[in-house]
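Okay, thanks for making time, everyone. I'd like to walk you through one model today, so let me put it on the screen.

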Amino acid sequence: MARKSVVPELLPLLEMYIDRRAAEWEAMPLFKRRPTLPTTKDGKVNVRQLVRELCLKPSAEQHFFNKRELKDVINLEAENQGVQPIGSRALDDEAAEAIKDRFARMSSKGKKANEELVEALRHIDRLTEDNRTLQIEVERLKAQISSIYQTGEITIRGDA
């Protein structure tokens, strides 16, 4: 047998609670407004305190995270009061994880690019050395040709 949903039991209780909190919020002068929903030090909805204020068992906390109908009622008022919604920590964690993944990919790409750069520099060094060797050979051959030409062992067309 499927478990009975807790939403029909909790939703009316929660809506009355939220209505009271919203009324308190609206009654405050604009310049003195502060959230009437329970919040954590970092400005997020404090579900644990909310459950206490509703006089529910601590095990009821899970429903406010898992039941969309309950979470949405709270998050709408949280947004109105400038409080971070239920689940924002999970979103923060997802964002942090995405950033870590991106850095890891970038680091991996950077490492690969660095390895490719080192290999390219080695190749340039080899080509530079080959170029020096060829320049030396060209200079040796020029000197040899000049020597042969000066001794008269060979004549170049137009010189005869």
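First, the ground rules. This is a predicted model, so local features need pLDDT of at least 70 and side-chain atom pairs count only at pLDDT 80 or more, while totals for chains, interfaces and linings use all residues. Residues are numbered from 1 along each chain as its sequence is written, and side-chain values use heavy atoms, with hydrogens and water left out.

Overall, the protein chain has five helices and zero strands; helices here are DSSP runs of H or I with at least four residues, strands are E runs of at least two, and numbering starts at the N terminus. Of its 160 residues, 21% count as buried, where buried is under 20% relative accessible area, exposed is over 50%, and partly exposed is in between, with a 1.4 Å probe on protein chains only. Taking contacts between residues at least 6 apart in sequence, 54% join residues at least 24 apart; contact means heavy atoms within 4.5 Å.

On to the core, meaning buried Ala, Val, Leu, Ile, Met, Phe, Trp, Tyr and Cys residues joined through side-chain atoms within 4.5 Å. The largest nonpolar core has 18 residues, and Leu14 is among those touching the most other members. Ignoring neighbours within four places in sequence, Leu14 contacts Leu50, Leu54, Phe64, Leu70, Val73 and Ile74.

Thr36 is in the loop between H1 and H2, and at 7% relative accessibility it counts as buried. A polar atom of the Thr36 side chain lies 2.8 Å from the backbone oxygen of Arg21. Beyond four places in sequence, Thr36 also touches residues including Trp25 and Gln81.

Then there's Cys55, in the loop between H2 and H3 (61-66). Most residues other than glycine have a negative phi. Cys55 isn't a glycine, yet its phi is positive, about 60°. At 71% relative accessibility, Cys55 counts as exposed.

Definitions and conventions. Polar contact = N/O pair within 3.5 Å; in protein donor to acceptor, adjacent residues only side chain to side chain.
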